[in-house]
Amino acid sequence: MQIPMEQEASHADRAVDPGSFKLLLSCPSGLSPSQVSVLFSDAYDRIPHPDVNLENTIAETWEQRNQKSKSLYNGKKFRYGGYMLQRGSGSDHEPHVCLHLGLTDYRTFVGTNLSHLWERFLVSSEDDSILCQHTASPLGNGAIVEVIDKKILVLQRSNNVGEFPGHFVFPGGHPEPHEVGIASHQHNKELTESTIGKVSHEMFDSMVREVVEEIGVPASSLSIPAFIGVSRRELNVRPAAFFYIKCSLNSKEVQQFYSGAQDGYESTQLYAVTMVDLENMASKMPGCHRGGLALYKLMVDHNLKNT
């Protein structure tokens, strides 16, 4: 059964605890692509902050970052705006999740979520969509990849990356609007129904892409991802969708593929670990990935109860 969750990982101040997280949605049975759809609308776009001076810091922050790194690229991203959980109407009562997505971009992400002023963009509310209505909140993704010898793949991030250098993470990135031909909402109004349907498939396709690029394994070795929920780290309210994927290779074979990974520069090491190892690594994971681990554990518990 799918259970919406508002679970705090800790009550520590979000400004000082990068490991704290919140589970926004848990789907412990794991949902297939047919059980996940997307409502893509400008209704889920970011709302500009009424404080004009604060709003102007977005451009200032971007300019400062650009001066430090000329390689920054302001690409479009899907913005997380919540979800709707439904029970199926068929005889099997198959559950269904509809993710609510808008559009944002990397520039606004840097200027809101990643700004040192990020807490000022928040609205005091128990409703997550209201709390984060002024932040870019692009939807990231992460994969719990289990190889054939029952170990989970974890990457150690490079010291050269912008967010959480040296930390342990699951492979992941972002679903990309450009992959399904979306550049703006105006363009979206002219899209065919089949193209709009591709947005929900991009949630799953992008996850496979990220695993292939970051770990180097062939896509043919990976199962269809199962959606297990959405986690958000408390530090700068960054959301991420998590998926469970089985890999038909063993740990040693995966390590051999990793040496030739396309995006290998983002990480320095690949580990194939047990659940006990994962628990020990959790203290050096960003909050959203610790939330991904919590979602995986809920899936494992669910499967044990149903076997």
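Helices here are DSSP runs of H or I with at least four residues, strands are runs of E with at least two, and both are numbered from the N terminus. On that basis, the protein chain before you has eight helices and twelve strands.

Two remarks on the basis of this talk. The model is a predicted one, in which local features need pLDDT of at least 70 and side-chain atom pairs count only at pLDDT 80 or more, while totals for chains, interfaces and linings use all residues. Residues are numbered from 1 along each chain as its sequence is written, and side-chain values use heavy atoms, with hydrogens and water left out.

Let me begin with the chain as a whole. I shall call a residue buried under 20% relative accessible area, exposed over 50%, and partly exposed in between, using a 1.4 Å probe and protein chains only. Of the 307 residues, 53% count as buried. The accessible surface comes to about 14,200 Å², and carbon and sulfur atoms hold 51% of that surface; the areas come from the Shrake-Rupley method with a 1.4 Å probe, and for residues only the protein chains shown count as cover. By contact I mean heavy atoms within 4.5 Å. Among contacts with a separation of 6 or more, 73% join residues 24 or more positions apart.

I turn now to the interior. In soluble globular proteins, nonpolar side chains tend to be buried together. A nonpolar core here is a set of buried Ala, Val, Leu, Ile, Met, Phe, Trp, Tyr and Cys residues joined through side-chain atoms within 4.5 Å. The largest such core has 42 residues, and Phe78, Met203, Val211, Phe227 and Val254 are the members that touch the most others. Helix α5, residues 193-215, gives the largest share of this core, with seven residues. A separate core of 22 residues lies apart from it, and includes Ile144, Ile152, Ile228 and Ala240.

What does Phe227 touch beyond its neighbours within four places in sequence? Its contacts include Leu25, Cys27, Val97 and Leu99, as well as Phe204, Phe242 and Phe243.

Val217 sits in the loop between α5 and β10, residues 226-233, and counts as buried because its relative accessibility is 2%. Not counting residues up to four places away in sequence, Val217 touches Val211, Val212, Leu222, Leu249, Val254 and Phe257. Val217 and Val254 are 37 residues apart along the chain, with their C-alpha atoms separated by 6.4 Å.

The search uses a 1 Å grid over the protein atoms alone: a cavity is a set of points where a 1.4 Å probe fits but cannot get out, a pocket is an open set with protein on both sides within 12 Å along at least five of seven lines, and lining residues have an atom within 4 Å of a point. Grid points are joined across faces, edges and corners, and a volume is the space filled by probe spheres set on the points.

The largest pocket has a volume of about 1,200 Å³. Its lining counts 44 residues, with Arg157, Glu163, His174, Arg238 and Glu266 nearest the centre. Strand β11, residues 238-246, supplies the largest share of that lining, four residues. For classes, Ala, Val, Leu, Ile, Met, Phe, Trp, Tyr, Cys and Pro count as nonpolar, Asp, Glu, Lys and Arg as charged, and the others, Gly among them, as polar. The pocket lining then has 17 nonpolar, 14 polar and 13 charged residues.

How many cavities of 30 Å³ or more does a search of the whole structure find? It finds one. The lining of the largest cavity includes Met203, Ala241 and Phe243, and it divides into five nonpolar, three polar and no charged residues.

Finally, some individual residues. His100, in strand β5, residues 96-105, is buried because its relative accessibility is 11%. Arg290 lies in helix α8 and is partly exposed, at 28% relative accessible area. Arg290 and Phe170 are 120 residues apart in sequence and 9.5 Å apart in space, C-alpha to C-alpha.

Two residues other than glycine have positive phi. Ser137, with phi of about 45 degrees, is in the loop between α3, residues 128-131, and β6, and is buried at 3% relative accessibility. Lys150, with phi near 70 degrees, is in the loop between β6 and β7, and is exposed at 61% relative accessible area.
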